Amino acid sequence: MTALSRRASAIICILAILLPLTATPANANTKLGPAPVLGACGVFTPENKVVYKYWNNTGRTLYCGNDRYGFRHIRKNHRTQFQTLAAIGGLQWWDLMHWAIHHNYKDPDYVRYQGDGKTCRSRSLYLGTRSGKPYSVIFRVITGNSGVITAYPSSKHCQW
């Protein structure tokens, strides 16, 4: 065996050992990053103020809302859940909320009509720790005719 072939063999062996250690799941997006600028919902901001339009289609807008729907509902009822997961990857809670809603509209894993004009969408997203190690979390987004009702991390996908 020549010196060149020994080096080539050594390089191939090293790559065979290292490549599985750097692989991530298919379509894994461990670098979600900050959300685009979202509209602010102050104390006196009306319920129908648009926080973000995910698409121009009906039901795909996040409004400030109130305790029962929209940004204020998500902030009041699910902020801690989002904050816990977002902090692991160095994000703010609203960044993760935005990406959960965005990807549930863009490419949901499940879409289930729930009656009363409500639809449940769920999708697994791969999140990354600060070290880059990916892990999967399911997020549900419930929408109605007037827009996003709620979004939250879940242990299960939408059910029939």
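**Entry 1: overall make-up**

I began with the secondary structure and counted 3 helices and 6 strands in the protein. I am working from a predicted model. Next I read along the sequence and noted the pattern α-β-β-α-α-β-β-β-β.

I looked up burial across the chain. Of the 160 residues, 39% count as buried. Residues 24 or more positions apart account for 48% of them. For the surface, I noted that the protein exposes about 9600 Å². Carbon and sulfur atoms supply 56% of that area.

**Entry 2: the sheet**

I asked in which order the strands of the open sheet run. The order is β3-β4-β5-β6, with 4 strands and antiparallel pairing. I marked β3 (110–115) and β6 (147–154) as the edge strands, since each pairs on one side only. The twist from one strand to the next averages 25°.

I went through the pairing of β3 with β4. Strand β4 covers residues 118–128, and the two strands pair in the antiparallel sense over 5 bridges. Within this pairing I picked out tyrosine 113, which stands opposite threonine 119 in β4.

**Entry 3: helices on the sheet**

I turned to what lies across the strands. Helix α2 takes in residues 70–88 and lies across β4, β5 (134–144) and β6. I noted its angle to β6 as about 30°. Helix α3, residues 93–106, also lies across β4, β5 and β6. For α3 I wrote down the angle to β4, which is about 120°.

**Entry 4: a closer look at α2**

Where does α2 bend? I found the bend at histidine 78, and it comes to about 75°. His78 is also among the buried residues of the helix.

I listed the other buried positions in α2. Gly70, Phe71, Arg72, His73 and Ile74 are buried. Further along the helix, Phe82, Leu85 and Ala86 are buried too.

Which elements cover the buried residues of α2? The cover includes β1 (50–53) and β2 (61–63). It also includes helix α3 and the strands β4, β5 and β6.

Just after α2, glycine 90 takes a positive phi of about 80°.

Methods. Residues are numbered from 1 along each chain as its sequence is written. This is a predicted model: local features need pLDDT of at least 70, side-chain atom pairs count only at pLDDT 80 or more; totals for chains, interfaces and linings use all residues. Side-chain values use heavy atoms; hydrogens and water are left out. Buried means under 20% relative accessible area, exposed over 50%, partly exposed in between (1.4 Å probe, protein chains only). Contact means heavy atoms within 4.5 Å. Accessible areas come from the Shrake-Rupley method with a 1.4 Å probe; for residues, only the protein chains shown count as cover. Two strands pair if DSSP finds at least two bridges between them. Axes are lines fitted to C-alpha atoms, for helices over the stretch in contact, and angles run from 0 to 180 degrees between N-to-C directions. The bend at a residue is the angle between axes fitted to the seven residues ending there and the seven starting there.
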